[in-house]
Amino acid sequence: MPLDDAFQALKTYDWGTDRAPVTPITEAVAAAQSNAEARQDLESRLLAALSSDISRDAKDFVCRMLTIVGSTAAISALAALLPDEQLSHMARYALERITGPEASQALRDALPKLAGKLKLGAIGSLGVRRDSASVSALANLLKDADPAVARAAAQALGLIGTPAAAHALLQAQPAAPLQAAVTDATLACAEAILAANDPATALKIYQTLAADTQPRLVRLAATRGQLACAARTA
Amino acid sequence: MSWRYVFSFVACLATGLLLTPLAAADDNQTTELRQQIVALLSNPDREFRAAGLDQIRTGVKGTEHTQFFASQLAKLPPDGQVALLGALADRGDAAARPAVLTLLKSGQNEAVRVAAIAALGKLGDASDLPTLIGLLSAQADAERNAARSSLVRLGGPTVSADIAAATAKAPPSEKVTLLEVLASRRARGQVKTIITASTDDNAQVRMAAMSALGRVGQPEQLGEMIPGVLKAEKGGERDAAERNVAQVCAKIENEDQRGEALIKAVEQAGKEQSDQFLSLIGRVGGKKLIDYVAGIATGPDTARRKLGIDALSKWPNSSVADKLLEITKNATDAAERNQAFQGFVKIGATRDNRNDQQRLERMRQAMDIAKTPEERALVINRTRTSYSVEAVRFVLPYVEKEEFAQIACETLVEISHHREVRDRNKAEFDKVLDKIIATSKDAVVIDRAGRYKRGETWTRPKAE
């Protein structure tokens, strides 16, 4: 079976080697798009490979395949890779695309154990997942001593874009260097809320940002936002 | 801006009420934000003003809001009025029209009046025609131009017919503009009015009418355009009238049908008039018409032959070249021969869809039958339309002949101007350019030859 051979080839797959032997896995993953049973089978085989002693490049390849066929069954294996300097980003890449709250929970649970770029990545992934359940955790990180972490949290809240995320951003009292990121994220929230057809809530956010104390460009953006809200309600 | 919401929002923050979802805004928001838009119109920052104007253009829909925004016109300074008029016009709601008219009637500022006139074009209707037509005689150029543009733009089922009715009664200068307006409106239904004007006693009116017919006329109207050609004074007006008829002919795709339609239209004018249209026939071209004109150009009547040769010489392409060559060879009258020869060289050198070799071949034929130094010089001159090294080789020997040396140098330097030909044959061109530099007495020709030899370009000075 070419697929069996491909999984066999995965054991010796590494940077610089011919990718052709593992191509049947890519093709099988693509073909399994509408076949739940095949997807599940592939996921099991990929997870088995991930837990075995294969090269970094092979694991990278497996994570890429799991972005397509991965399910909640893959979460623990992927979460285990989050502290791995080399594989953390590819594991997040897969986790970002697995539906359901468990993947977000795994990312949130990993936050206290991560530092530096890996932590920033996990925060970013929670934003990409637009995980409203992470607002509280991210709001706490707005006060983090590391400005990069606080900035990433603000950006993630902006991506989540719910009233609660906006509220967290508005309540934050960021230090001057972080102010622009928080304002930008707040505007992003207002836009998302307006796009979600809640002009009344968006309007209140815009009105706060239109205060004379805000920089000119923020006031201009907020003014345009208020007018967009008016157009929706008029 | 609305401070009420800022204060209430800050109060909410203070009491922690925002921990619950933000409350829905009440209906008064619209009114308050409408006020905010109005406030933005007076903002000193142009980007804030633009934000407000943009909302008037595309947001806050509804007649009531339009009227509210229009009511602000009277409260703004002139530049604000101009901006708001533009935004209201783009909004396209006729509910703003009364306020625009009021401002137009009372406004003294030219920029405001121009903006109001322009807005009427988008917001007005047939009842605004008298106002706009009256403004065609305004003192200020900008107002007249705005009125003309608005007449072109004005919408409504009867507007074109109303403009046509006004055209018939208008004084000449106004009639000219209204005819242009009808053409710009593509008012095909009003073509009768335009046809009537094409034989007006006023030359400007006739020219405007024929120009309008060129734009909106259809092949069915060709016969009705012919009296306009006859009425046109010979020279510029006649040329323009012929071009407009040719423009309508060009709407017939099939060449034979085009020729038949024109012959039919011309014959409606009567046989005795038909010779007056040979020039027009030449402009339109086509195989059917070649036979028609060639019959006259080789017929028994000397005067008609002259007209026929003239028509062949104006042909839009080289399809008549053989006919002109034949006439040149067979002509017994020297003047007639010269006329046909000149026409042959002109047509043979025309840069139409033939290639450079085909054009050069025509020039070789012309040189073979040239009888005088003037005719040879003409051929050398026109060879410049063949951008090829073969053309250079054809002309080069004449550099050695004193009577042709200067025109030959001029032609050679013109061909050398084309880098794509020159660069492919650099060694040969370098020798030719050296020869030009050594022979020519024209400083510009020598300068150009030097530039081309150095690989430089040359820009023709603009005519003053």
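Mentor: Chain B contains 29 helices and 0 strands, where helices (H or I, at least four residues) and strands (E, at least two) are DSSP runs numbered from the N terminus. This is a predicted model, in which local features need pLDDT of at least 70, side-chain atom pairs count only at pLDDT 80 or more, and totals for chains, interfaces and linings use all residues. Residues are numbered from 1 along each chain as its sequence is written, while chains are lettered from A and ligands numbered from 1 in the order in which they are written.

Of the 464 residues of chain B, 42% count as buried; a residue is buried if 20 or more other C-beta atoms, placed from the backbone, lie within 10 Å of its own, exposed if 12 or fewer, and partly exposed in between. Among contacts in chain B between residues at least 6 apart in sequence, 62% join residues at least 24 apart, a contact being two C-beta atoms, placed from the backbone, within 7 Å.

Consider the pair formed by helix H26 (residues 402-416) and helix H28 (residues 426-439) of chain B. Their axes come within 10 Å and cross at roughly 140 degrees; axes are lines fitted to C-alpha atoms, for helices over the stretch in contact, and angles run from 0 to 180 degrees between N-to-C directions. H26(B) is therefore oblique to H28(B), since angles under 35 degrees count as roughly parallel, over 145 as roughly antiparallel, 65 to 115 as roughly perpendicular and the rest as oblique. H26(B) contributes B:Ala405, B:Cys409, B:Leu412, B:Val413 and B:Ser416 to the contact, and H28(B) contributes B:Phe429, B:Val432, B:Leu433, B:Ile436 and B:Thr439. By class, this contact has 8 nonpolar, 2 polar and no charged residues; Ala, Val, Leu, Ile, Met, Phe, Trp, Tyr, Cys and Pro count as nonpolar, Asp, Glu, Lys and Arg as charged, and the others, Gly among them, as polar.

Helix H22 (residues 334-349) of chain B has 16 residues, so at 1.5 Å a residue the helix should span 22 Å, and its end C-alpha atoms are 22 Å apart, which agrees; the expected span is 1.5 Å times one less than the number of residues. The buried residues of H22(B) include B:Phe341, B:Phe344 and B:Ile347. Against them pack helices H20 (302-313), H21 (321-330), H23 (356-369) and H24 (373-382) of chain B.
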